[in-house]
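User: I would like to learn how to read the features of a protein model, one at a time. Could you take me through this one, giving the general idea before each case?

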Amino acid sequence: MGRMAQVTKCVRGRARSARLAVGGIILPVMTQPVQARISLIKPAWRAGWCTLACALALGLPVALAHGAPASTALPTLGDAARGDLSPVMERKLGEAVMNDIRRNVDYLDDDPILEYLNSFGSALVAAAPGARGETNADYFFFAVRDPMLNAFAMPGGFIGVHSALLLAAQTESELASVLSHEIGHVSQRHIARMIGQQKQDMLIPLAGMLLAALAARASSDAAVGVMMGSQGLALQRQLNFSRDAEREADRVGFQIMGTGGYDTSGMVAFFQRMQSANRMYASDVVPASLQSHPLTSERIADIQSRIRDMPQRQRVDGLEFHLVRARARVLQDETSKGRTEAQQAFEAQLTQQSRQQQAAAQYGLAYLAKKRGDLAGAQSWLNKSRATIKPTQGAVFSTGQATSDGAAIFAAMALEIKLAPAQPESVKAAALNEAKDAHDKFPLSRGIARQYADALIANKKLDDAAKFLREQAQQYRSEPKLQDLLAKTYAAQGKMALQHIALAESYALGGSLPAAIEQLNIARKAGDASFYDMAVIDARERELQARHREDMKEAKKNGG
């Protein structure tokens, strides 16, 4: 049994749907393909990742940092961290875990939210030279459904935001304070530094204790079972993570915020709110001896002292921020009770004086009506929201700008309503023209691009859809959803071989190499495979099999 399996075994029986509960994110307990990929990582790193996931999801410091930056330039590390975890392996580990998160029901696979977060986060990274760190991190920002105010960084530049945090942030400056802090963790390679400094024999029992705290959310019996043993006091002492990494991330994040043009006082305001909320939350689900959230008064005071030396800056939030928060409120809890509470929140928001708040509430009610199947009501509320703001023709996502009109998000919602399965053919026909116009206006929106493909398919323009999707797949090679839509198009055309080739590419992009190889085998057996198709299948199969053999070889070498 590999080290990762040893760590997860203690909670496997109790975790919901055979998954591992980590700070509200439910990580699968490793399907065979994913376990094989994670087995590529050295045992010490694999054991360490479980602890890191727990620490980061709880907002605990994730590394032992030696010294704080002495200048305003973003600090960089020497070679100490590289000795144990290279940038390539750090990214590989992050991608393996990210593939599992994407398959989880609590991952918010919502195009407007994802596009906003990545546009917002990328603007922060671009504003501060050195924010990508010495590894030149390729950042990806995403959201997960979770009631706790938190955000977390993973190896390789993946940064997650809890849905509750999106709702709690009152301004873009407050959201920027959190994302900048997490960017600080990545740029300073805190994860690699922790893994490089900790010994795996220490990490495994520490992970077990953290998991016990998390298991208490679902079952006190599970928590007691995990925590039993004579090592309790020793493990408790190991929970005293160094605060140095958090202070360093605070300082780096503060610099990024200031350079990006945000109000740095938002960091203090939101960190105080997070400290209060998480203290109350933890008191209900985590034993007092395990509460180690690092949002200390000392850290907040340090930030306040820095703010005093800076000129006050006012910043007008973009409308997209409020629209995305409205979507997150609907997606936060999709039960009947949750939707009722969301409706009440939107109705209360309608009474506010701010036009942005009113428009966001109307937009939220439109999205809520669409989720309930009331398409006429959804269109009515969307029209009201648009009228409140009156979007400017041709506007684009304006994250990082002083003002915005949310035109791209409005256009995406209009298409979402018109392309609903229950709509009559006449509405879907009108949606095709709207989708084409929207794609022309917002060519960088990946969600709108796929909505245009959906409109082509819905109107049985299958040849046009296939051509468009092939062009998109050539341009965006790491986007599995394009391959899924291409497979859907080929299936409607009756092109079975091409359908399964596209599915193979989708599985490969998701990290499931055995499933991808199986799809190629199905494609080979399809009766409509051309000579060219067979050549593509053979070449791709050899490539994927070679990758899979190398994965298995490395897994065996590392004891996975």
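This is a predicted model: local features need pLDDT of at least 70, side-chain atom pairs count only at pLDDT 80 or more; totals for chains, interfaces and linings use all residues.

User: In which sense do β4 and β5 run, and how many bridges join them?

Analyst: Strands of a sheet pair through backbone hydrogen bonds, either parallel or antiparallel. Here β4 and β5 (residues 158-162) run antiparallel and are joined by 4 bridges; Ala153 has Ile159 of β5 as its bridge partner, and Phe152 stands opposite Gly160 in β5.

User: What is the order of the strands in the sheet?

Analyst: The open sheet consists of 3 strands in the order β3-β5-β4, with mixed pairing. Because β3 and β4 (151-154) stand at the edges with a single partner strand each, one side of each is left without a neighbour in the sheet. Neighbouring strands are turned by 25 degrees against each other on average, direction ignored. Between β3 and β5 the pairing is parallel, over 5 bridges, and Ile159 in β5 is the bridge partner of Phe141.

User: Which way do the side chains of β3 point, and are they buried or exposed?

Analyst: In a regular strand the side chains alternate between the two faces of the sheet. Burial is judged by relative accessible area: buried means under 20%, exposed over 50%, and partly exposed in between (1.4 Å probe, protein chains only). From β3, Phe140, Phe142 and Val144 point one way, Phe141 and Ala143 point the other way, and all are buried. Since 5 of the 5 residues of β3 are buried, the strand is largely enclosed by the rest of the structure. Both faces of β4 are covered as well, with Ala151 and Ala153 on one side, Phe152 and Met154 on the other, and all of them buried.

User: Which helices lie against these strands, and at what angles?

Analyst: Contact means heavy atoms within 4.5 Å, and axes are lines fitted to C-alpha atoms, for helices over the stretch in contact, with angles running from 0 to 180 degrees between N-to-C directions. Helix α4 lies across β3, β4 and β5 and runs at about 35 degrees to β3, while helix α7 (residues 172-187) packs on the sheet, touching β3, β4 and β5, in a direction that makes about 20 degrees with that of β4.

User: How many aromatic pairs are there in the whole structure?

Analyst: Rings of Phe, Tyr and Trp (its six-membered ring) pair if their centres lie within 6.5 Å; planes under 30 degrees apart count as stacked, over 60 as edge-to-face and the rest as tilted. A search of the whole structure finds 9 such pairs. One of them, between Tyr107 and Phe142, is tilted, at 6.0 Å centre to centre and 50 degrees between the planes. This pair links distant parts of the chain, 35 residues apart, with Tyr107 in the loop between α4 (87-102) and α5 (111-127) and Phe142 in strand β3 (residues 140-144).

User: Where is Lys460, and what is its phi?

Analyst: Most residues other than glycine have a negative phi, and most peptide bonds are trans. Lys460, although not a glycine, has a positive phi of about 60 degrees; this residue is placed in the loop between α21 (446-458) and α22 (462-475), and Lys460 is exposed, with a relative accessible area of 66%.

User: Which residues does Arg325 touch?

Analyst: Arg325 lies in helix α15 (residues 319-332) and is buried, with a relative accessible area of 10%. Not counting residues up to four places away in sequence, Arg325 touches Leu166, Leu167, Ala169 and Gln170. The C-alpha atoms of Arg325 and Leu166 are separated by 6.0 Å, although these residues are 159 residues apart along the chain.

Methods:
Residues are numbered from 1 along each chain as its sequence is written. Side-chain values use heavy atoms; hydrogens and water are left out. Helices (H or I, at least four residues) and strands (E, at least two) are DSSP runs, numbered from the N terminus. Two strands pair if DSSP finds at least two bridges between them.
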